[in-house]
Amino acid sequence: MTDARFTGLTRDSWAGVADQLLLSLRNWASPEHARIDLPGQQSAYGPASDSLEAFARSFLLAAIRLKGEDGKDPHDLAGWYAEGLRAGTDPTSPHAWPRPDQLGQAKVEACSIALGLHLSRAWLWDRLDDRDRSQIVAWLSTVVGEKYPPINWVWFQIVVETFLKSVGGPWSREDLDSGLAVHESLYRSDGWYADGPERAFDHYNGWALHVYPLLWASMDPGLCDPALESAWRERLTAFLDSAVQLVGGNGAPLIQGRSLTYRFAAAAPFWIGAITGATDLAPGLLRRTSSGMLKHFLDHGVPDERGLLTLGWYGEWPGIAQSYSGPGSPYWAVKGMLGLMLPADHPVWTAAEEPLPVEQSDFTRSLAEPGWLVSGTRSDGIVRVVNHGTDHSAPDDQRADSPLYARLGYSTHTMPPLSTPYWAQPFENSVGIVHPELGLSHRNGFTVVGSGSSIATTHWVRTTDDQGPEHGSGRGGAVTPGPTIAMTSAVRGSHEVRAVRIAPDAVIEPGWLLELSGWPLTSRTPPSAERAEVRTAELQSSVEGRIGFDTFDVRRTDNSGALGNHTAIPFARATAVPGELFVAIVSLSGGTPEPAPELHLDGSTLHITWSDTTQESLPGVASGRGWSLG
């Protein structure tokens, strides 16, 4: 019997969840199965797009099940989805889908359909009649020659056209070469891609930019340059080495970046490592990581009582959505079930589960890309990221901060406030200037000046409350410039030493304050608070001023997060003074943390002695020389 000592989940457990997801959708399908009209908030693209999305993404899961069971099909997945494909691609059907050349979102969903047809070829495509095949090819063929944004989307065209080539349909070598060139331009270092030209580091690294290349390489080996495939394998190996450290002991992936409603899709790159062998992680660790993610959501009521994946993190919470998110969007999570392609006797299913890095010991790590300092603590299973490299922008971009990218901290146990109007100002895990009328300043477009350090030209942005927490749109508005602020961090265990200095030549108006805020804690009941310390039943968050700060408080928000109804955020303030050094200790722990570090300022160097006697120094913080502030 499989040793699932950490999660209790076996391959049969995974298969049961997958089948539940697929069968539950049938209650919402049209008679010919082409439309799956799910309840919930619609996307900006409307119900026709949303129903296609639910069909396409669930079809990919059906194909994964057929592939992994070698065609055994007790639920007639092949027949059920064949009917939907027939009706959806029939231009005379009342349930015909919008084509990729008519609707941008259809370009995305065409990829899931093409990949699903590839994986299930022997049990579905090969059994369709010529008319059905021609119809499907005609629908997919509208991607040829289309323009795609220079992000992970290029893979949607590459995969579709490669499937078309395999069945004698039209395709374009130029399209493939162009898309591959875009993909290579997105690579940064150490296994990390940016999803576009900006500093857009998020889960699309795993569930898109590492998944599609190696799946595509197996679709038509003759199309893929062996040297390129080798590079992709090396990048995935490097990425998984760091990604496994970003999973909490509770199984949660890092709560950062857009499309969080895809939930356990974050398991996808670990399964690709198992499928391709492009990883140094042991099979038992790959499964423990992936099963931990699935179990985390199962334990929190996902899927819901109807068997549906809803817009949210645990329960339904539409505030987590982007404009492109609809009720079918969460089914991107099925990519986190790619391991079901592998047979029951594969080592990833037979090996004993092995502990996650955060379950083995405390650790700290610096990731050059995406510019994160990572700290994991075994006692509470929390993984924290201190962010000085990601904001989904370019240097000097003066839009508003994105709450999912530009905050100074993200973790496996906390989530930024996202609902209107809380997303519009950086209320948590931030450093900024408080203007009497404009509120908190933003740091978006900051300059990275080394590991754990950044310089921000602060600014205030007048956004409209109804635009939402988009990673790109909704962040613009009238800009008022503010002073330049340098900040640096040192991290160990539960604690971050956060040092801040306003530029000596900054113009500070009377009444302007410097604010430094900590980790947001969210729960179903209001968290308790005292000074700048917040507690829930499971977590503790605090800000302790060490140099310069003189006012401490807690900010509360209601109905602002997907983890609960009530959020509390500790913060510290002081009168903003050019050239002065301000230092605080920002902490997040599952209970009472280890003792805070001792600090000693010697000239312009801040010396840190951590509770385990490890010593660290932050040179130049008091003079600004380390930050090029004069």
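## A loop residue to start from

Thr-613 sits in the loop between S22 and S23. Its phi is near 75°, a positive value in a residue other than glycine. Thr-613 is exposed, with a relative accessible area of 62%. Exposed means over 50% relative accessible area, buried means under 20%, and partly exposed lies in between (1.4 Å probe, protein chains only). Helices (H or I, at least four residues) and strands (E, at least two) are DSSP runs, numbered from the N terminus.

This is a predicted model: local features need pLDDT of at least 70, side-chain atom pairs count only at pLDDT 80 or more, and totals for chains, interfaces and linings use all residues. Residues are numbered from 1 along each chain as its sequence is written, and side-chain values use heavy atoms, with hydrogens and water left out.

## The chain as a whole

The protein chain has 14 helices and 23 strands. Its C-alpha trace spans about 80 × 55 × 50 Å along the principal axes. The radius of gyration is 25 Å, which agrees with the value near 25 Å for a compact globule of 630 residues. That radius is taken over C-alpha atoms, and the globule rule is 2.2 Å times the number of residues to the power 0.38.

Buried residues make up 64% of the 630 residues. The accessible surface comes to about 21500 Å², and 48% of it belongs to carbon and sulfur atoms. Accessible areas come from the Shrake-Rupley method with a 1.4 Å probe; for residues, only the protein chains shown count as cover. Among contacts with a separation of 6 or more, 69% link residues 24 or more positions apart. Contact means heavy atoms within 4.5 Å.

## The three-stranded sheet

S21, S22 and S23 form an open sheet in the order S21-S22-S23, with antiparallel pairing. Strand S21 (598-602) and strand S23 (615-618) stand at the edges with a single partner strand each, so one side of each is left without a neighbour in the sheet. Neighbouring strands are turned by 20° against each other on average, direction ignored. Axes are lines fitted to C-alpha atoms, for helices over the stretch in contact, and angles run from 0 to 180 degrees between N-to-C directions.

Two strands pair if DSSP finds at least two bridges between them. S21 and strand S22 (residues 605-609) pair over five bridges. Glu-598 has Thr-609 in S22 as its bridge partner.

## The eight-stranded sheet

Another open sheet has eight strands in the order S9-S10-S11-S12-S20-S17-S16-S15. Its pairing is antiparallel. Strand S9 (447-450) and strand S15 (528-530) stand at the edges. Neighbouring strands are turned by 25° on average, direction ignored.

Strand S12 (residues 495-502) and strand S20 (residues 581-589) run antiparallel, joined by seven bridges. Ala-499 stands opposite Val-583 in S20.

## A mostly covered helix

Helix H11 (residues 268-276) has seven of its nine residues buried. Among them are Phe-270, Trp-271 and Ile-272. The buried residues pack against several helices, including H1 (11-25), H10 (226-243) and H12 (283-298). Gly-277 follows H11 and has a positive phi, near 80°.

## Backbone details

A cis peptide bond joins Val-302 and Pro-303, with omega about 0°. Pro-303 lies in the loop between H12 and H13. The bond from Glu-369 to Pro-370 is also cis, with omega near 25°. Pro-370 is in the loop between strand S3 (363-367) and strand S4 (372-377).

Asn-559 is not a glycine, yet its phi is positive, about 55°. Asn-559 is found in strand S18 (residues 551-561). It counts as exposed, at 51% relative accessibility.
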